[in-house]
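The sequence and the structure are shown first.

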Amino acid sequence: MRLKLLLLVITLISGVAQSDVTFNVEKITDNLHVLYGRGGNIAISTGDDGIYIVDDQFANLSEQIKKKISALQPGSAEFIINTHYHKDHTGGNENFAKDGGHIIAHHNVHKRLKVEHGSNSKHLPVLTFGHDMALHFNAEKAEIRHFAHAHTDGDSVIYFKNANVVHMGDLYFNLGGLPFVDVQGGGSLSGLISAIEQVISDVDGQTKVIPGHGPLSDRDGLKTYLALLKKARTLMTVSMDGKKSLESVQKLDPLGPLNLKYANWLPKERVVKLFYLSLKGESKSD
């Protein structure tokens, strides 16, 4: 049921004609760019070894994305790193795999895509890992590190060590609001907060931060985002005191003091529900 609902939401988000999508490419270094379109931000690495990308948005956008990549460097992506399993980040997997691309992701991404697409699908990663791995390509060391139970149970953050850039996938929604915590997909609000804290400790003031959604950011932007998440958690925890029901907590409007705007697909009521379920689950495991 949850998977069907999630797929419906993502289908609604992606139900936009290709001609209505505006693609923008931002240069970070000579060999590293970020592509903004419809769905998760794509990092593009180019160089003497070839091309690889982080995430690939929706399937119906693949040809346009390939053209944008080819404008930077002719050729096809040899590797595609998935930051997690959601379709706005993995929808193009099959299209890039058919061009010879090799998909890399955490074990849990493989498990979830297998359920959705079947064991023989080219959507599935062919290289999977548990805690971390490194890709040595284009004179760059890309460290791919798993953060458990954050946005989902299969999140990866990619540290481009030489460029001093980090791609965070949907651990970071840089849209001025609160993120989607996929509780049924293994996500956790406190796990997300812990992951953000770790990344902040890993980077420095010069690090460029690619969020899953929204414009390029930095360490200070991450700190602001972390403060918002912690404040939201505190408001939720206070409202839940005494083991109140979800209905009772909703009536209290715990996130109201934050005065945030919410997307149509992720209204405040849904955020409260997800945060409630996450925090309730955490308290049971204590």
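Two strands are said to pair if DSSP finds at least two bridges between them. The hairpin of β2 and β3 has five residues between the strands, and within that hairpin glycine 39 adopts a positive phi near 120°. The coordinates belong to a predicted model.

## Overall architecture

The protein chain contains nine helices and twelve strands. Its radius of gyration is 19 Å, close to the 19 Å that the globule rule gives for 286 residues, so the chain is as compact as a globular protein of that length. Taken along the principal axes, the box filled by the C-alpha atoms is roughly 60 × 40 × 35 Å.

Of the 286 residues, 52% count as buried. Among contacts between residues at least 6 apart in sequence, 61% join residues at least 24 apart.

## Surface and charge

The protein chain exposes about 12,800 Å², and carbon and sulfur atoms supply 50% of that area. The chain carries 31 positive and 31 negative charges, and the mean positions of these two sets are 7 Å apart.

How many of the six residues of strand β3 are buried? Six of the six residues, numbered 42-47, are buried, so β3 is largely enclosed by the rest of the structure. Ile42, Ile44 and Thr46 point one way from the strand, while Ala43, Ser45 and Gly47 point the other way; all are buried.

Strand β3 pairs with β2 (residues 32-36) in the antiparallel sense over four bridges. In this pairing, leucine 32 has serine 45 of β3 as its bridge partner. Strand β3 also pairs in the antiparallel sense with β4 (residues 50-54), over five bridges. The bridge partner of serine 45 in β4 is tyrosine 52, and alanine 43 stands opposite valine 54 in β4. Two residues lie between β3 and β4 in the hairpin that they form.

Strand β4 is mostly covered, with five of its five residues buried. Gly50, Tyr52 and Val54 point one way from β4, and Ile51 and Ile53 point the other way; all are buried.

In which sense do β4 and strand β5 pair, parallel or antiparallel? The pairing of β4 with β5 (residues 79-81) is parallel and runs over three bridges. Here isoleucine 53 stands opposite isoleucine 80 in β5.

## Lysine 66

Lysine 66 lies in helix α2, which spans residues 62-72. Its relative accessibility is 16%. Buried means under 20% relative accessible area, so lysine 66 counts as buried at that value. Not counting residues up to four places away in sequence, lysine 66 touches Asn95, Phe96 and Asp99.

## Glycine 214

Glycine 214 belongs to the loop between β12 (208-210) and α7 (219-240). With a relative accessible area of 15%, glycine 214 is buried.

The C-alpha atom of glycine 214 is separated by 4.7 Å from that of asparagine 174, although the two residues are 40 residues apart along the chain. Leaving aside neighbours within four places in sequence, glycine 214 is in contact with Tyr36, Asn41, Asn174 and Leu175.

## Two asparagines with positive phi

Most residues other than glycine have a negative phi. Asparagine 138 has a phi near 60°, a positive value in a residue other than glycine. Asparagine 138 is located in the loop between β8 (132-137) and β9 (140-147). Its relative accessible area is 9%, and asparagine 138 is buried.

Asparagine 164 likewise has a positive phi, of about 60°, although it is not a glycine. This residue lies in the loop between β10 (155-160) and β11 (165-167). Is asparagine 164 buried or partly exposed? At 24% relative accessibility, asparagine 164 counts as partly exposed.

Terms used
Residues are numbered from 1 along each chain as its sequence is written. This is a predicted model: local features need pLDDT of at least 70, side-chain atom pairs count only at pLDDT 80 or more; totals for chains, interfaces and linings use all residues. Side-chain values use heavy atoms; hydrogens and water are left out. The radius of gyration is taken over C-alpha atoms; the globule rule is 2.2 Å times the number of residues to the power 0.38. Buried means under 20% relative accessible area, exposed over 50%, partly exposed in between (1.4 Å probe, protein chains only). Contact means heavy atoms within 4.5 Å. Accessible areas come from the Shrake-Rupley method with a 1.4 Å probe; for residues, only the protein chains shown count as cover. Lys and Arg count as positive and Asp and Glu as negative; His and the chain ends are not counted. The place of a charge is taken as NZ of Lys, CZ of Arg, CG of Asp or CD of Glu.
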